[in-house]
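I have opened my notebook on a structure that is new to me. Here is what I looked up, entry by entry.

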Amino acid sequence: MKCHGSRAYGRRLDLGLLALRLGTGGVLAAHGAQKLFGWFGGGGLDATGQAFESMGYTPGKLNALAAGLGEAGGGALLAAGLATPAAGAAAAGTMAGAAAVHAPGGFFAQGGGYEYPAFLGLAAAGLAVTGPGRYSLDHKLGHALNRHWMVPAALIGGAAAALTVVAQRNKRVRQAAPAEADEV
């Protein structure tokens, strides 16, 4: 077995990153396309906006658009390995919003929990940190959109945006809960 510094190990690492990018980015892009265009059995922007409104993300259509762009755009960029820090941060932030909706269901997805969006978000954030590998557009472009300083900037910006949106949503949900209890 060759040492980790070998060319063969580097190729394995690059292939692994490519597989992770294609899988994670592809799933995210498909989810975003459901929201934005109604593809793959999705509701499209109007229906998704109504659903977001009912989940406390108001205005619903604007939040659905932001989530769709974070998923579709971030996912497509991750799959291509382009602007990897920003793409990973956008996708991770969007998945934080999805995890907030599923948190009352516990961890596991089978009970409606946040397992799936958390996994996608962590994979996207991990790709933002590691970079896309050699088989990527970032590599072909000399990493002009994948500089070391971009990683913390993108992740901090994405986390701040996600925390702000989720905090506003959680406040709306808490305020609506007493009113709903009075109606019962």
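Predicted model: local features only at pLDDT ≥ 70, side-chain atom pairs only at ≥ 80, totals over all residues.

Entry 1: Arginine 134 and aspartate 14 meet through their side chains in a salt bridge, at 3.7 Å from N to O. I then checked where the two partners sit. Aspartate 14 is in helix α1, while arginine 134 is in the loop between α5 and α6 (137-140). The pair is 120 residues apart and links distant parts of the chain. How many salt bridges does a search of the whole structure find? My search came back with three.

**Entry 2: the overall plan.** Next I stepped back to look at the whole chain. I noted seven helices and zero strands. Read from the N terminus, the elements run α-α-α-α-α-α-α. The C-alpha trace spans about 70 × 30 × 30 Å along its principal axes.

**Entry 3: α1 with α3.** I turned to how helices pack. Two packed helices are described by the angle between their axes and by the distance between those axes. Helix α1 covers residues 7-37, and helix α3 covers residues 60-80. Their axes come within 7 Å and cross at roughly 150 degrees. Why do I call α1 and α3 roughly antiparallel? Angles over 145 degrees count as roughly antiparallel, so this pair gets that description. The crossing of α1 past α3 is left-handed. I wrote down some of the contact residues: α1 brings, among them, Gly25, Gly26, Ala29, Gly32 and Ala33. From α3 the list includes Ala64, Gly68, Ala72, Gly75 and Ala79.

**Entry 4: α1 with α5.** Helix α1 also packs against helix α5 (residues 115-130), at an angle of about 130 degrees and with the axes 10 Å apart. The two are therefore oblique to each other. Here too I noted the hand: α1 passes α5 in a left-handed crossing. On the α1 side, the contact is made by Leu17, Leu20, Arg21, Thr24, Val27, Leu28 and His31. On the α5 side, I listed Tyr116, Leu120, Ala123, Ala124, Leu127 and Thr130.

**Entry 5: α2 with α3.** Which angle do helix α2 (residues 44-54) and α3 make? I found about 110 degrees, with the axes 7 Å apart. That makes α2 roughly perpendicular to α3. The crossing of α2 past α3 is right-handed. From α2, the contact uses Leu45, Asp46, Thr48, Gly49, Phe52 and Glu53. From α3, Gly60, Lys61, Asn63, Ala64, Leu65 and Ala67 take part.

Entry 6: Is the peptide bond from threonine 58 to proline 59 cis or trans? My note says cis, with omega near -5 degrees.

**Entry 7: phenylalanine 40 and its neighbourhood.** In the loop between α1 and α2 I came to phenylalanine 40. This residue has a positive phi of about 55 degrees, although it is not a glycine. Phe40 turned up again when I looked at the surface: Phe37, Trp39 and Phe40 form a nonpolar patch there. Together the three have about 400 Å² of accessible area. Phenylalanine 37 itself belongs to helix α1.

Note on methods: Residues numbered from 1 in each chain as written. Heavy atoms only, no water. Patch = residues over 30% accessible without salt bridge, like charges linked within 9 Å, V, L, I, M, F, W, Y side chains within 5 Å. Areas by Shrake-Rupley, 256 points an atom, 1.4 Å probe, with all protein chains shown as cover. Salt bridge = Lys/Arg side-chain N within 4 Å of Asp/Glu carboxyl O. Helix = DSSP H or I, 4+ residues; strand = E, 2+ residues; numbered from the N terminus. Axes fitted to C-alpha atoms, helices over the stretch in contact; angles between N-to-C directions. Parallel < 35°, antiparallel > 145°, perpendicular 65-115°, else oblique. Left-handed = near helix turned anticlockwise from the far one by under 90°. Contact = heavy atoms within 4.5 Å.
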